[in-house]
Amino acid sequence: MLDIKFVRENPDAIDVAMANRQTSWDREKFFELDDERRAVITEVEELQATRNAESKKIGALMKEGKKDEAEAAKEAVRAVNEKIDGLAERRTALEQEQYDFMAHLPNIPCEATPYGKDEDENIERRRWGTPREFDFDFKPHWDLGTDLDILDFERGNKLSGSRFTVLGGAGARLERALINFFLDTHTSRGFKEWWPPIVVKRQTMFGTGQLPDKEGQMYHATADNFYMIPTAEVPVTNIYRDVILDEKDFPVKMTAYTPCFRREAGSYGKDVRGLNRLHQFDKVEIVQLSLPQNSYEALDGMVAHVESIVKSLGLPYRILRLCGGDMSFTSALTYDFEVYSEAQKRWLEVSSVSNFESFQANRLKLRYKDADKKTQLAHTLNGSSLALPRIVAALLENFQTPEGIRIPEALIPYTGFDIIK
């Protein structure tokens with residue numbers, strides 16, 4: 001959440017930021033709420049001064065034996081107290097409305113975020129590898145997986161409905177191998193592994209910005225008011241909600257594997273075929289808490305870290321810097337990783353690495369004591385490292401041979417086999 005003082009003092013900057021995001025904000029409504037709230041506070045302070053003055057009179061009047069005048073003063077104090085109580089209720093309502101307004105205001109893109117309307121205006125930073133050319137009839141992963149009996153979309157549909165799948169045999173082993181490979185790589189580079197809950201309170205979803213922005217995309221267990229997480233970022237980052245750290249505690253580096261759940265409402269067609277866009281999927285996440293002055297250096301380090309993993313799998317990839325119109329609600333700067341699918345003739349997003357600056361920390365009340373012992377907001381970052389379905393799809397499609405699916409060398413110690421026949 002943005003700092004209300006910053007918004008109040010820099011409305012023109014908010015205009016520019018929202019234009020970059022291809023949206024707008026109700027500037028008039030913000031100042032209407034803010035001005036009324038401040039007017040209420042001023043009126044309460046004036047009434048409190050009046051009440052204090054009238055209260056002082058009562059004692060003096062009683063000493064002078066002026067009971068009628070003292071009773072009139074008491075009545076005046078009672079009337080003032082009633083007004084103060086009414087204004088207190090109005091102030092509470094205004095502050096809640098103002099808080100809700102701020103909760104729906106997205107983060108400000110940093111200066112490095114390109115101006116653009118949608119994914120077509122993202123900027124490619126670099127790419128690695130050459131898309132493979134096949135001298136035989138190659139297949140998309142949904143046909144390969146079915147032929148090899150490692151992916152079963154029919155059973156997934158039978159058990160749960162469309163956009164669910166069942167992995168079996170070598171497919172299940174490959175999924176587990178990737179999870180272990182990713183986690184081992186992260187922990188070897190200083191990320192502490194966590195095993196968090198996958199159902200969380202509404203407050204937890206609010207803390208990282210999924211709510212209220214993505215309310216319609218979340219699976220919600222209404223009986224207990226629990227939410228199924230869309231990413232491990234949610235519970236892992238919230239571990240430090242309402243925590244005050246010291247400067248020496250940074251950086252805080254965390255990783256976790258979780259199943260993830262997204263309704264994916266509104267997506268259709270080729271985007272949802274096979275493993276491209278499931279309602280339930282596996283993902284390994286990395287999260288970092290940083291001092292503000294170090295957060296963009298931390299972002300570069302996380303991008304390099306994810307890049308080394310994708311490269312170790314031998315998958316052709318490209319890295320995009322997202323424009324304002326394609327960036328998430330919470331992000332100040334985001335890099336997307338995409339791997340190429342020759343079978344589908346398209347790039348598939350497998351990771352987003354983002355710096356949220358203090359946006360999440362303000363919602364989480366995640367703070368630290370600086371060298372002067374003053375309390376400041378930390379910066380938070382996260383990255384998919386990696387989302388499993390599209391990585392599996394890319395491995396099946398890019399490493400298919402007439403004999404079967406070759407396993408990248410880095411994964412063989414985890415799978416125990418070098419080919420799926």
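Where in the chain is Lys 365 found?

Mentor: Lys 365 is found in the loop between α11 (359–364) and β14 (367–369). First, the ground rules. This is a predicted model, with residues numbered from 1 along each chain as its sequence is written. Local features need pLDDT of at least 70, side-chain atom pairs count only at pLDDT 80 or more, totals for chains, interfaces and linings use all residues, and side-chain values use heavy atoms, with hydrogens and water left out. Helices (H or I, at least four residues) and strands (E, at least two) are DSSP runs, numbered from the N terminus.

Back to Lys 365. Its phi is positive, about 55°, although the residue is not a glycine. Its relative accessible area is 33%, so Lys 365 is partly exposed. The cut-offs are under 20% for buried and over 50% for exposed, with partly exposed in between (1.4 Å probe, protein chains only).

Asp 149 also has a positive phi without being a glycine, near 60°. Asp 149 is placed in the loop between α5 (141–147) and β2 (151–152). At 56% relative accessibility, Asp 149 counts as exposed.

Now step back into helix α11, where Arg 363 is found. Arg 363 counts as buried because its relative accessibility is 5%. What does Arg 363 touch, leaving out residues up to four places away in sequence? Its partners are Met 1, Ala 103, Phe 206, Gly 207, Gly 209, Leu 211, Pro 212 and Phe 329. Contact here means heavy atoms within 4.5 Å.

Gly 116 lies in the loop between α4 (67–103) and β1 (123–128). With 0% relative accessibility, Gly 116 is buried. Its C-alpha atom is 5.5 Å from that of Gly 325, although 209 residues separate the pair along the chain. Beyond four places in sequence, the contacts of Gly 116 are Asn 20, Gln 22, Glu 121, Cys 323, Gly 324 and Gly 325.

The whole chain gives the background. Take contacts between residues at least 6 apart in sequence: 73% of them join residues at least 24 apart. There are 13 helices and 19 strands. Of the 421 residues, 49% are buried. Along the principal axes, the C-alpha atoms fill a box of roughly 110 × 45 × 40 Å.

Two peptide bonds deserve a check. One joins Phe 250 and Pro 251; this bond is cis, with omega about -5°. Pro 251 lies in the loop between β8 (244–246) and β9 (252–261). The bond from Ser 385 to Leu 386 is also cis, with omega near 5°. Leu 386 belongs to strand β16.

A pocket is an open set of points on a 1 Å grid over the protein atoms alone, where a 1.4 Å probe fits, with protein on both sides within 12 Å along at least five of seven lines; lining residues have an atom within 4 Å of a point. The volume of the largest pocket is about 1,600 Å³, counted as the space filled by probe spheres set on the points. Its lining has 50 residues, with Arg 262, Arg 277, Asp 336, Glu 349 and Ser 352 nearest the centre. Strand β13 gives the largest share, nine residues. By class, the lining holds 16 nonpolar, 16 polar and 18 charged residues. Asp, Glu, Lys and Arg count as charged; Ala, Val, Leu, Ile, Met, Phe, Trp, Tyr, Cys and Pro as nonpolar; the others, Gly among them, as polar.

The second largest pocket holds about 290 Å³ of space. Its lining numbers 17 residues, and Thr 165, Leu 167, Glu 175, Gln 280 and Asp 282 lie nearest its centre. Elements that give two or more residues to this lining include α6 (153–159), α7 (170–188) and α12. Here ten lining residues are nonpolar, four polar and three charged.
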